[in-house]
Amino acid sequence: MTVTPRCTHLFQTRRELHHFLNRYKQISEERIQPQIMSLSMAIDPVDPLVVFQALAEPQQLNFYMEKRAFGQEVEPQEGVAIAAIGSAAKFTINGAERFTAAQQFIRSTLAQTAICGQAHLPLAGPHFFCSFTFFDQDSDRKPAFPAATIFLPEWQISRSGSHCLVVANVVLCATTNLEETVDRLWQTWQSIRAIRYELITPAIEHQDLLTRRDVATTQHFKQAVQAALTDIQQATFHKIVLAHAVDVTSPLPFDAIAALHHLRKLYPGCYLFSTSNDRGQQFIGASPERLVSVRDGQLKTGALAGSAPRGKTTSADAALAKRLLESVKERHEHRVVSQFICQQLAQLGLSPQSLPVRLLQLSNIQHLQTPIYATVPADTHLLDVVAALHPTPAVAGMPRAAACDYIRRYETFERSLYAAPIGWVDHHGNGEFAVGIRSALIDGCSARLFAGAGIVEGSAPERELAEVQLKLQALLQALI
Ligand SMILES: C=C(O[C@@H]1C=C(C(=O)O)C=C[C@H]1O)C(=O)O
C-alpha cells in the first residue's frame, strides 16, 4: 500500500486524470502486476442514498450502510452513511476459514493499492465491504449469498457529519484500455457531481395487494419454543434464539431504496443496511445491534437482548420499561450475552469494560443493552474480533454449538445473511459491523422477512411469538 501526497486536482479535468492514471499504468507494467488506484475526493453535500439510487445497478455487487443518531454513545459521534457501488476487486468463500481468508484478501489487495487524493478526510481511502452468512456453510444447493463476500467497490460515496467524499477505485494493468477507463471514470464522476441533495420518492403504498405466508406455521414456531424449553430444563443449552420467517408477495416490485428511506425515518438510531448479490437480490434491514466497531484502536461492542413492546401512553411505556429492567428472566437472557462477549474478548487478550445495563428504546420495541468497550492492540484485526463474537447468544444461544444444532434442526428456512455480520473495514483496520437482524431478502415482487426471539427458562411460546410478530410487523410497514 503506497500513499501519494495529497493531490486535490485529480478530477479537475479529464486530461489531468488521464495523465495521472497513465503514470500508474506504466508502474503496473514495470512491476508486471495490476495496480489499484484509490482516489479520494471531497464533494459538495449529497445524500449517499440518493447517489446509491441513481448509480447502483441490480446485477452488481452493492452495499449501503447508514447510522444517523449516535445519541446513546458515551462519546457522541456524527452520523455516517456509505454507499458502495460495483466492485473493483471481490472475494467470496464458503467454510470455516472465511474470516481468515477475508483478512488475507484484504491484505493482498491493499498490497497492490496506491492511495491518492484527499486521503486525510473522514472515510477516505480503500474500504472493504463485507457480508457473512449466519452459518459458515449454507445447506441450500444454490444459496442466495456465499458464506463470505468481501469487495472493494468501484465507487464509494460517503457522508460523515457534514463531510461528503467520493472514493474511486480503479484497477490498472498492462491490458487496460486507458481511454475507455478514463472516459468511464470521468462520466460517472460528472454524474455524481450533478446529483442534487434531493428527496427520495416514497414507494407507492400497496399494503392491500400483499399476500403474506408464514414459511413454517406459527404453530411450528411455538412447538419449537416448547421443545427448546424441555432442552433448557435438561441443560442441553440454557439459551436459544429461534427465528420465524414470512414470505410476502406483491404485484408490484418492492422498492429497496424507498424501504431504506422509510426505515431510516422510523428507526433513526439503527444501522440501516442493504447489500445485493449479482442476481439482483437485496438484503436490507434496520438493526439496533452493533456487533463491533473499531476506530483508532478503540473497540465498541455490546449486548442487546431482552425485549418489551413500547407502551401506547407515557405511563404504560414507563411501566413496560420498568418491568423489563426488573425482570429476572429478561436480565438472565441478557447476562448470557454480555458474559459471552466479555469472555470472547478476554480470550483475544483484550480487557473489556462494561457499562451498567440500560434501555435502548426504538419506536416499536425496547431492549436491554450493555455497552462494552476495549482497547485493541495493532496486531488484532477487526475480523479476528468478528470471528470470535459471531454468533453471539443474542442471535444463537448458549452453549453456542448446541444452540446452533437446534436452530439447524428446527428452523425450516436458511438464515442466510439474517442475524449475521454485515459491515466494512478500511485500510487502517477501522470499521464497523452490525448484526443483520430486523431484515428482509427482497427479490423483485417477493420478500422474505426474518425475526427471532431469545428463549430461556421462564419463556412462554405465545409471548415469544408475539415478540417475533411485533418485529416482523415493523419491517413489513417499512416495505410498502
Ligand atoms: C434475534 C433478534 O433479536 C435479538 C433478540 C432479542 C430478544 O429476544 O429479546 C433482542 C434483541 C436481539 O438480540 C431479531 O430481531 O431477529
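Axes are lines fitted to C-alpha atoms, for helices over the stretch in contact, and angles between N-to-C directions run from 0 to 180 degrees. The model discussed here is predicted.

**Helix 5 and helix 11**

Helix 5 (residues 218-233) packs with helix 11 (residues 461-479) at an angle of about 125 degrees, and their axes lie 9 Å apart. Helix 5 is therefore oblique to helix 11. The crossing of helix 5 past helix 11 is right-handed. From helix 5, Thr218, Phe221, Lys222, Val225 and Gln226 meet Pro461, Glu462, Glu464 and Leu465 of helix 11. By class, the residues of this contact comprise 4 nonpolar, 2 polar and 3 charged.

**Helix 9**

Helix 9 (residues 382-389) is mostly covered, with 6 of its 8 residues buried. The buried residues are Leu382, Leu383, Val385, Val386, Ala387 and Leu389. Their packing partners include helix 3 (98-111) and helix 8 (328-347), together with strand 13 (290-295) and strand 14. Strand 19 (421-426) and strand 20 (431-435) also pack against the buried residues of helix 9.

**Surroundings of the ligand**

There are 18 residues around the ligand, of which Ser307, Ala394, Ile437, Gly452 and Gly454 come nearest. Strand 10 (239-249), strand 14 (298-309) and strand 22 (446-455) each give two or more residues to this shell. The table sets out the composition by class.

Terms used: Residues are numbered from 1 along each chain as its sequence is written. This is a predicted model: local features need pLDDT of at least 70, side-chain atom pairs count only at pLDDT 80 or more; totals for chains, interfaces and linings use all residues. A residue is near a molecule or strand if its C-beta atom, placed from the backbone, lies within 6 Å of it. Helices (H or I, at least four residues) and strands (E, at least two) are DSSP runs, numbered from the N terminus. A residue is buried if 20 or more other C-beta atoms lie within 10 Å of its own, exposed if 12 or fewer, and partly exposed in between; C-beta atoms are placed from the backbone. Two residues are in contact if their C-beta atoms, placed from the backbone, lie within 7 Å. Angles under 35 degrees count as roughly parallel, over 145 as roughly antiparallel, 65 to 115 as roughly perpendicular and the rest as oblique. A crossing is left-handed if the near helix is turned anticlockwise from the far one by less than a right angle, and right-handed if clockwise. Ala, Val, Leu, Ile, Met, Phe, Trp, Tyr, Cys and Pro count as nonpolar, Asp, Glu, Lys and Arg as charged, and the others, Gly among them, as polar.
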